[in-house]
Structure formats: C-alpha cells, structure tokens
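User: I want to go through this model term by term. For each label, tell me what backs it.

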Amino acid sequence: FGPGRFDLVVFEREDQKTNVKRVIGLPGETVQITDGSVYIDGEQVTDHVYVTGIDYAGLAEEPLELGKDEYFVMGDNASASDDSRTPEIGNVSRDDIYGKVWFEAGFGDNFGFVSD
C-alpha cells in the first residue's frame, strides 16, 4: 500500500529537508516529460491540470524508469519547483514518504480538507 497518483505527499529529502509534492509516477512506471507534457509508460497524462505546460523536464527529459518502491513527484507550480526533475531530489523512495496531505491550514482560501 502506498500513495496514489496525484496524491500530495510529505517526504524527507536526502538533505533532511521536508517537502510536499504531488505524486505523478508510481513504482515500476516510466516517466518522461516531452513538449511540456508528462508521459507515463508512453501515454500522455491528460486528466490532471498540474501536468501540462512544463518548461523544464530535467531528469525526465529522457525516459526515467521508477524502481519498485520509487515515486516521481512534482510541485503544482512546475515552473518554480524543486522536485523529481532535479538531481537534488530525484525519485523519492517509499521509505522517505511520511504520509499523504489531507488538510491544509493556511490563511483565506487555503484552509480545509485537500480534495482528491
């Protein structure tokens, strides 16, 4: 049992910093970013708003195969996010994931349960 596609997860990076990112690629899948779009196992992901118009492909410029316990994560603001596309983060191991984000406590509209 692990995070599902498009879940927001909290994980620890190798430098011991904590991040919150969205799961895009699941264990065993191959992820690639081409022409601003995400492809999983050769199929373009079209059913989610957070995976289009990507300027920086980074490590996913070439097909990137995920291991049996690895996830590919991206920030919702893909143009300004350190995520699995960067060498500093790369693929995230299941052991480094603390859990799924289910509630946001912020000001204004940023307060409440996180929808799927």
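User: What order do the elements of the protein chain follow from the N terminus on?

Analyst: This is a predicted model. In it, the elements run β-β-β-β-β-β-β-β-β-β-β. The count is 11 strands and zero helices.

User: Why is E43 called exposed?

Analyst: Exposed means over 50% relative accessible area. E43 has 57% relative accessibility, so it counts as exposed. E43 lies in strand β5, residues 43-44.

User: How much of the protein chain counts as buried?

Analyst: The figure is 41% of the 116 residues. The cut-off for buried is under 20% relative accessible area. The accessible surface of the chain comes to about 7000 Å². Carbon and sulfur atoms hold 47% of that surface.

User: Which residues have the most contacts inside the largest nonpolar core?

Analyst: They are I24, I33, V38, F72 and M74, in a core of 16 residues. Three strands each supply at least two residues of this core: β3 (30-34), β4 (37-40) and β7 (70-74). A second, separate core has nine residues, including V23, I89, V92 and I97.

User: What makes a residue a contact of V38, and which residues are in contact with it?

Analyst: Heavy atoms must come within 4.5 Å. Neighbours within four places in sequence are left aside. V38 is then in contact with I24, V31, Q32, I33, E43, Q44, V45, V51, I54 and M74.

User: What share of the contacts with a separation of 6 or more is made by residues 24 or more positions apart?

Analyst: In the protein chain, such residues account for 55% of those contacts.

User: How do you know that β7 and β8 pair, and in which sense?

Analyst: Pairing needs at least two bridges between the strands. β7 and β8 have two bridges, in the antiparallel sense. Y71 stands opposite V92 in β8.

User: Which strands make up the open sheet, and in what order?

Analyst: The sheet has five strands in the order β8-β7-β2-β1-β9. Their pairing is antiparallel.

User: Why do β8 and β9 count as standing at the edges?

Analyst: Each has a single partner strand, so one side of each is left without a neighbour in the sheet. β8 covers residues 92-93 and β9 covers 97-100.

User: What holds paired strands together in general?

Analyst: Strands of a sheet pair through backbone hydrogen bonds, in a parallel or antiparallel way.

Methods: Residues numbered from 1 in each chain as written. Predicted model: local features only at pLDDT ≥ 70, side-chain atom pairs only at ≥ 80, totals over all residues. Heavy atoms only, no water. Helix = DSSP H or I, 4+ residues; strand = E, 2+ residues; numbered from the N terminus. Buried < 20%, exposed > 50% of the residue type's maximum accessible area, 1.4 Å probe, protein only. Areas by Shrake-Rupley, 256 points an atom, 1.4 Å probe, with all protein chains shown as cover. Core = buried A, V, L, I, M, F, W, Y, C linked by side-chain atoms within 4.5 Å.
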